[in-house]
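Please look at the model below before you read on.

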Amino acid sequence: MGISDVIPVPVCIDEEIEKWTIFGQPVTEVWFTTTEKIHEIIQMGPIKNIFNWGRKNSVYFLMQPMGCCGVEMFVFGAAPYDSDRFGCIPRNTPRQTDVMIISGYLTRKYLPVIKNLWENMPEPKWCIAIGECSISGGPFYDSYNIVQNTGDYFPIDVYIPGCPPRPEQFIEGLMNLQEKIKQRKDLRDY
C-alpha cells in the first residue's frame, strides 16, 4: 500500500516516500498500521528513552503523611531541601500522581483506603516505602492493628530505612527511583 492509495499525491512523491524508513521499517508500514505495531516501534526506538526521561524528571508523589515520617516528608518539600528542584512535586489527588510514598505506620483500618488510592493512580506508577514502620512494623511490630510489611500489599520500588529517616534520605531514595525509571529497571512493563 502506498501513500497515493490513501492521499492524492503524484506517483514520483509516492515512490520517494517508499524509500524512507523509521527504525529500519518502511514509512508506509508505520503510517498505516495498527496500535500494536506502533507500540512495538516505540519499544524498540529512542522514543522510549524520551518517555523515560520525561517520567524521571516529573515525579509527582501522593501526599499522605503518617506518623513521624510524615513530618520529615513535610521538611523534604519545604525550602531547605525543596523537592521541587528534583522534579518531585507533591499532589493531593491520586489521579495526578505517579509515585505513592508510604511514610510511617500503616494500620489495617487504613489499608483498604490506601489500596483504593493505589488503584486510582494512572500507569506507570511506582511506590516508595519510607521508615521502619512501613518496611517492617518498626516499634509496632507486635501490634495487632499495624501492617508489618507493605511489600506484601504494594510493589515497592525503593525502601528508605530509618526511624524517622532524614530528608537527605528522601532525596537519595528519590534519586534511586529516578535512576530506576531512567534505566527501565522497575518491576512493571509500561
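## The cavity

Val59, Phe76, Cys88, Val99, Ile101, Ile128, Ile130, Ile160, Phe170, Gly173 and Leu174 line the largest cavity. On a 1 Å grid over the protein atoms alone, a cavity is a set of points where a 1.4 Å probe fits but cannot get out, and lining residues have an atom within 4 Å of a point. Strand 5 (99–103), strand 6 (126–130) and helix 8 (167–183) are the elements that give two or more residues to this lining. Helix 8 gives the most, with three residues. Helices (H or I, at least four residues) and strands (E, at least two) are DSSP runs, numbered from the N terminus.

How many cavities of 30 Å³ or more does the structure hold? It holds one. The largest cavity has a volume of about 60 Å³. A volume is the space filled by probe spheres set on the grid points, which are joined across faces, edges and corners. The lining has 10 nonpolar residues, one polar residue and no charged residues. Here Ala, Val, Leu, Ile, Met, Phe, Trp, Tyr, Cys and Pro count as nonpolar, Asp, Glu, Lys and Arg as charged, and the others, Gly among them, as polar.

## About the model

This is a predicted model: local features need pLDDT of at least 70, side-chain atom pairs count only at pLDDT 80 or more, and totals for chains, interfaces and linings use all residues. Residues are numbered from 1 along each chain as its sequence is written, and side-chain values use heavy atoms, with hydrogens and water left out.

The protein chain has eight helices and seven strands. Of its 190 residues, 41% are buried. Buried means under 20% relative accessible area, exposed over 50%, and partly exposed in between (1.4 Å probe, protein chains only). Now take the contacts with a separation of 6 or more: residues 24 or more positions apart account for 71% of them. Contact means heavy atoms within 4.5 Å.

## The nonpolar cores

In soluble globular proteins, nonpolar side chains tend to be buried together. A nonpolar core is a set of buried Ala, Val, Leu, Ile, Met, Phe, Trp, Tyr and Cys residues joined through side-chain atoms within 4.5 Å. The largest one has 19 residues. Phe61, Phe76, Val99, Ile101, Ile128, Ile130 and Leu177 touch the most other members. Strand 3 (59–62), helix 5 (67–77), strand 5, strand 6, strand 7 (158–160) and helix 8 each supply at least two residues of this core. Helix 8 gives the most, with five residues.

Which residues does isoleucine 128 touch, not counting those up to four places away in sequence? They are Val99, Met100, Ile101, Ile102, Val158, Ile160 and Leu177. There is also a second, separate core of 16 residues, which includes Ile114, Cys127, Ala129 and Ile156.

## The aromatic rings

A pair of aromatic rings is described by the distance of the centres and the angle of the planes. Rings of Phe, Tyr and Trp (its six-membered ring) pair if their centres lie within 6.5 Å; planes under 30 degrees apart count as stacked, over 60 as edge-to-face and the rest as tilted. The count comes to three aromatic pairs. In one of them, the rings of phenylalanine 61 and phenylalanine 76 have centres 6.1 Å apart and planes at 40°, so the pair is tilted. Phenylalanine 61 lies in strand 3 and phenylalanine 76 in helix 5, so this pair ties together parts that are 15 residues apart in sequence. Phenylalanine 61 is buried, with a relative accessible area of 1%. Phenylalanine 76 is also buried, at 2%.

Phenylalanine 76 and phenylalanine 170 form a tilted pair too, 5.4 Å centre to centre, with 35° between the planes. Phenylalanine 170 lies in helix 8, so its pair with phenylalanine 76 in helix 5 ties together parts that are 94 residues apart in sequence. Phe61, Phe76 and Phe170 form one aromatic cluster.

Is glutamine 178 buried or exposed? Glutamine 178 counts as buried, at 8% relative accessibility. Glutamine 178 lies in helix 8. Leaving aside neighbours within four places in sequence, glutamine 178 is in contact with Lys56, Val59 and Phe86.

Asparagine 92 counts as exposed, at 69% relative accessibility. Asparagine 92 is found in the loop between strand 4 (88–91) and strand 5.

Notes. On a 1 Å grid over the protein atoms alone, a cavity is a set of points where a 1.4 Å probe fits but cannot get out, and a pocket is an open set with protein on both sides within 12 Å along at least five of seven lines; lining residues have an atom within 4 Å of a point.
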